[in-house]
Amino acid sequence: MTSVAAPATGYLDDVAMIARVLALIDAGTTELGPRVGRVPIRNYVEPARLEREIALLRRLPVPFCPSAVVAEPGSFHARSAAGVPIVVVRDRAGALRAFRNSCRHRSTQLTAGSGCATSLVCPFHGWVYALDGSLSAIPHAAGFPGVDRADRGLVPVACIEHAGLVWVDQEGPGSFDGVRALPGLTEGQILVQQGEIPVAGNWKVLVEGFLEGYHIRATHKTTFLPFGYDNTTVVQHHGQHSRVAFPFRRVEALRDLPPEQWHVAGVLTVVDHVFPNAIVARLTAHTALVVIEPDGIGHTRLITYKVAEPDAAGGVPEAVTRDISFVELGLVEDRAMAEAVQRGLAGRTADVLFGQFESALTHFHDGLAAHLD
C-alpha cells in the first residue's frame, strides 16, 4: 500500500479534505501513520488502570451534552459523568450552570434525565434549591440549629458553552482555553433523540471503533460498505484530539464541480474524537454526540444525542429520521464487535496491535499514556 503523508496538526477545511479524499481514491490507498501501535492487554483489564482513567475524565474538560438539550430557561439535564452524578441547569436569566447532583442533606440525587423546573427539590426530604444552586428552603428548619443555608448550596462544577456543546470540568483547574479551538455542533440545530446504550466492553474499545475504516468490509459488508470504501480515510490530529473522515462513493460526483462548490454534507462522514471520551460525528442529515462513559472494566454506556437542522416548520425532516435509522444499523454491528473484543481480551494475549492505517487509535493511546504515565 502506498503511503500518503498526513498533516501533523490542525484540521483541513472542507474543500481541502475532499481534495485529499479524492487523491487517496485515485492512488488506491489510505493515509498511514508513522508506526504500528501496540497496547498491553493489561491496559484494558486492570482495575487500577481504569481507576486512573476515570480520574482523568474528571480532571479534563469534556463534552456533557448539546446546548439544545438545555435551550430554554429553567431547563435541566442530569446524568452520570465519570461515575459522578452531574446536573446542568439554565437559569431564568439564561446563564448555564453545572452542579453535583447531590442534596446537601443526605446526598440524595435530586433529579434525573431532562426537564424544566423553577427549582430543584430533593425527593427524599424536600430541600429546595434555586436554579443558581443556592439552598432556598429546608422543611422543618428548626430541627437544624446552627445550619446556615448559605453554606449548604449545591456544589458547583465548572462549565462553559462552546459551539453548541456544554462542557464540564469536574476537578481540573476549570480552564477551557483549549476547548475553544475544537469543533462542535452547528448553531441552531435541534435535539432529535437522546438515549443510553449499555455495551459489555471496555470504554477504550468503544472509542477505537469510531476511529478507523479498516473494519468496514468485514463488519459492515451489507450496511456501510455498499455506499463507501474499504479502508479509505483521511486522518488528522489537533493536539490529543483527532478527526477521521470516511468518504461515501458519491464523493466522486464532486469531480465535475469547481472546488468552490464542494461540500462535505452527504459525501463524507466526519468523526471528531474529542479526547478522551467523546465523539462528534457529522453524518449525512444529522450530527451525533456520543459520550463514552466507563462503568467498569467490561461495562460502558454510550450516551447519545442526535441533533439536526429543523425544517421550515421547526420539526424534524424525514431525511433525518431515515439517516438515523441507517446509522443505527451500523451501530448494532459495532456494538457486537466491541463485545466480541471484550470477550477476546480474556484470552490474555500480550498486546493489541494497530496498523498504520489505524493511526488515530495509536494517537488516542499515546494521549492517555501522556496523561497517566
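The second largest cavity has a volume of about 50 Å³ in this model, which is predicted. Its lining is made up of Leu57, Val62, Pro63, Arg79, Ala81, Ala82, Gln170, Asn277, Val291 and Glu293. By type, six of the lining residues are nonpolar, two are polar and two are charged. Three strands, β4 (62–66), β5 and β19, each supply at least two residues of this lining.

Alanine 82 is one of the residues that line this cavity. Its place is in the loop between β5 (75–81) and β6 (84–90). Is alanine 82 buried or exposed? With a relative accessible area of 4%, alanine 82 is buried. Not counting residues up to four places away in sequence, alanine 82 touches Ile54, Leu57, Arg58, Gln170 and Glu293. Asparagine 43 stands 39 residues from alanine 82 in sequence, and the two C-alpha atoms are 18 Å apart in space.

A search of the whole structure finds three cavities of 30 Å³ or more. The largest cavity holds about 590 Å³ of space. It is lined by 30 residues, and Phe224, Thr269, Leu283, Val327 and Asp334 lie nearest its centre. The lining divides into 16 nonpolar, ten polar and four charged residues. At least two lining residues come from each of β16 (241–247), β17 (268–274), β19 (287–296), β20 and α6. Of the elements, α6 gives the most to this lining, with six residues.

The largest pocket has a volume of about 540 Å³. Of the 24 residues that line it, Val205, Glu208, Gly209, Glu212 and Val341 are the closest to its centre. Two or more residues of the lining come from each of α4 (203–209), α5 (216–219), α6 (318–345) and β21 (351–354). Which element gives the most to the lining of the largest pocket? That element is α6, with seven residues. The pocket lining consists of 16 nonpolar, three polar and five charged residues.

The charged pairs come next. Side chains of opposite charge can pair when their charged atoms come close. The count of salt bridges in the model comes to 18. The table gives three of them.

| Salt bridge | N to O distance |
|---|---|
| Aspartate 351 and arginine 38 | 3.9 Å |
| Arginine 301 and glutamate 196 | 3.4 Å |
| Lysine 306 and glutamate 328 | 3.5 Å |

In the salt bridge between aspartate 351 and arginine 38, aspartate 351 belongs to strand β21 and arginine 38 to strand β3 (residues 37–40), so the pair ties together parts that are 313 residues apart in sequence. Aspartate 351 is partly exposed because its relative accessible area is 29%, while arginine 38 is exposed at 59%.

Arginine 301 and glutamate 196 form another salt bridge. This pair links distant parts of the chain, with arginine 301 in strand β20 (residues 299–308) and glutamate 196 in strand β14 (residues 190–199), 105 residues apart. Arginine 301 is buried at 12% relative accessibility, and glutamate 196 is partly exposed at 46%.

Lysine 306 and glutamate 328 also meet in a salt bridge. Lysine 306 lies in strand β20 and glutamate 328 in helix α6, so parts 22 residues apart in sequence are tied together. The relative accessible area of lysine 306 is 9%, so this residue is buried. Glutamate 328 is partly exposed, with 33%.

In soluble globular proteins, nonpolar side chains tend to be buried together. The largest nonpolar core has 40 residues, among which Tyr44, Leu211, Ile279 and Ile292 touch the most other members. Helix α7 (residues 359–372) contributes the largest share of this core, five residues. Leaving aside neighbours within four places in sequence, isoleucine 292 is in contact with Trp203, Leu206, Val207, Phe210, Asn277, Ile279, Thr300, Arg301 and Leu302. A second, separate core of 30 residues includes Val69, Val88, Trp167 and Leu182.

Serine 119 touches Val128, Tyr129 and Leu131, not counting residues up to four places away in sequence. Serine 119 and alanine 48 are 71 residues apart in sequence, with their C-alpha atoms 39 Å apart in space.

Notes: Residues are numbered from 1 along each chain as its sequence is written. This is a predicted model: local features need pLDDT of at least 70, side-chain atom pairs count only at pLDDT 80 or more; totals for chains, interfaces and linings use all residues. Side-chain values use heavy atoms; hydrogens and water are left out. On a 1 Å grid over the protein atoms alone, a cavity is a set of points where a 1.4 Å probe fits but cannot get out, and a pocket is an open set with protein on both sides within 12 Å along at least five of seven lines; lining residues have an atom within 4 Å of a point. Grid points are joined across faces, edges and corners, and a volume is the space filled by probe spheres set on the points. Helices (H or I, at least four residues) and strands (E, at least two) are DSSP runs, numbered from the N terminus. Ala, Val, Leu, Ile, Met, Phe, Trp, Tyr, Cys and Pro count as nonpolar, Asp, Glu, Lys and Arg as charged, and the others, Gly among them, as polar. Buried means under 20% relative accessible area, exposed over 50%, partly exposed in between (1.4 Å probe, protein chains only). Contact means heavy atoms within 4.5 Å. A salt bridge is a side-chain nitrogen of Lys or Arg within 4 Å of a carboxyl oxygen of Asp or Glu. A nonpolar core is a set of buried Ala, Val, Leu, Ile, Met, Phe, Trp, Tyr and Cys residues joined through side-chain atoms within 4.5 Å.
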